[in-house]
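Colleague: I would like to go through this model with you, one question at a time. Shall we start with the pockets?

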Amino acid sequence: MIPYGKQCIDEADIQAVVEVLRSDFLTTGPKVAEFEQAVAGFVRAEYGVAVSNGTAALHCAMHAIDIRAGDEVILPPITFAATANCVIYQGGIPVFADVVPETLLIDPEKIDEKITANTKAIIGVDYAGQPCDWDRLKAIADKHNLILIADGCHALGAEYNGRKVGSLADLTVFSFHPVKHITTGEGGMIATGNPMFADKIKRFRNHGIDIDFKHREAHGSWIYQIGDLGYNYRLTDMQCALGIRQLEKLPAFLEKRRSIAQRYDRAFSQVKGVSPLQRSKKVSHAYHLYVVRLTAGIDRRQTFSDLQTAGIGVNVHYIPLHYHPLYKSLFGYDKGDFPCAEKAYEQIISLPIYPEMSDEDVNTVVDTLSECVAFK
Ligand SMILES: *Cc1c(COP(=O)(O)O)cnc(C)c1O
């Protein structure tokens, strides 16, 4: 079976984790700050805060910007559920705005009509690894005094107009799940240029504990205060040690993903009915996913199961969120609300792409998909 995504772990990664196991700190130790600085440096952000997973990172971002009951946050319906759930965790309302059909990125044209007096933020999802049109999102955010959040879980290492994802929004969120660009098993990070956001998130990931050193000196070293409700969203030193090693290999991983995408592009330019999503000239794509639309009357459901049967682990990213009973029942969304997302959903399929994928595997995917669609 060729999976759609897979981690890439070597001996040096394993050794780095083992070393931490033999050291004094398994959590809240030196590897955490080292990993945070390494990721922040890579994405050109002032601050990085490591947390237990990408979903926790999204929750932290919503807390940092003070999302509370009744606040509205605009996001696309084509994304992973966590992008919307983080708003609901804080009592807020996820307000979907439809996507651009060719890219499946949030459509700036569709945002204005969704803005109300309760709108606080926009979450742009850099779907598949292609950054949103961040200049246009910034213009909308500035005009209406909204905060910009980037769900960069697909886009570590991607660039927009030469600027790295991580430095484009007020807060950017990454995931280190095994299918993402680099992994810590489970893990996440918030990148920001705002020291107040970073401090607030550091308290939030640790039960809301506020260690005020002056106060401790005056009143005893056991003293700390809890001002806000927090969670245990910490990432361990074993995970951070793995992340540090993985990050060193990220440029090579990205290069490999881009070269696989290029091979697919070349091959599918000759195959009728298989259309890769469009890419903007402004971006350097990180290719977390390689998504094609099956057009010309090709049956996606049939093609999906033919590929699975042939041992190719294809996937569909994503079922539009407003189709799920949860969001229907909470917010009254229904089929028909977001036509571009809905039409795309009928046609999309994610093909395997990961750093250790061989040229032979790529050829197998190309040949099998070409055969599947040839007789339809
Ligand atoms: C993976 C992912 C997340 C959540 O990350 P976890 O680490 O799995 O919690 C959020 N948003 C998007 C778009 C993702 O792909």
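Colleague: In the lining of the largest pocket, which class has 12 residues?
Modeller: The model is predicted: local features need pLDDT of at least 70, side-chain atom pairs count only at pLDDT 80 or more, and totals for chains, interfaces and linings use all residues. Residues are numbered from 1 along each chain as its sequence is written, and side-chain values use heavy atoms, without hydrogens and water. On a 1 Å grid over the protein atoms alone, a pocket is an open set of points where a 1.4 Å probe fits, with protein on both sides within 12 Å along at least five of seven lines; lining residues have an atom within 4 Å of a point. Ala, Val, Leu, Ile, Met, Phe, Trp, Tyr, Cys and Pro count as nonpolar, Asp, Glu, Lys and Arg as charged, the others as polar; the lining has 8 charged, 5 polar and 12 nonpolar residues, and the class asked for is nonpolar.

Colleague: How much space lies in the largest pocket?
Modeller: Glu36, Asp199, Lys202, Arg203 and Arg205 are the closest to its centre, of 25 lining residues. A volume is the space filled by probe spheres set on the grid points, joined across faces, edges and corners. For the largest pocket that gives about 620 Å³.

Colleague: Which element gives the most to the lining of the second largest pocket?
Modeller: This pocket holds about 350 Å³ of space. Helices (H or I, at least four residues) and strands (E, at least two) are DSSP runs, numbered from the N terminus. Helix H4 (82–89) and H3 each supply at least two lining residues. The most, 3 residues, come from H3.

Colleague: Why is strand E1 largely enclosed by the rest of the structure?
Modeller: E1 spans residues 47–51. E1 is largely enclosed because, of its 5 residues, the number buried is 4.

Colleague: In E9, what is the bridge partner of Gly48?
Modeller: Two strands pair if DSSP finds at least two bridges between them. E1 and E9 (residues 188–192) pair in the antiparallel sense over 5 bridges. In E9, the partner of Gly48 is Ala191.

Technical notes:
Buried means under 20% relative accessible area, exposed over 50%, partly exposed in between (1.4 Å probe, protein chains only).
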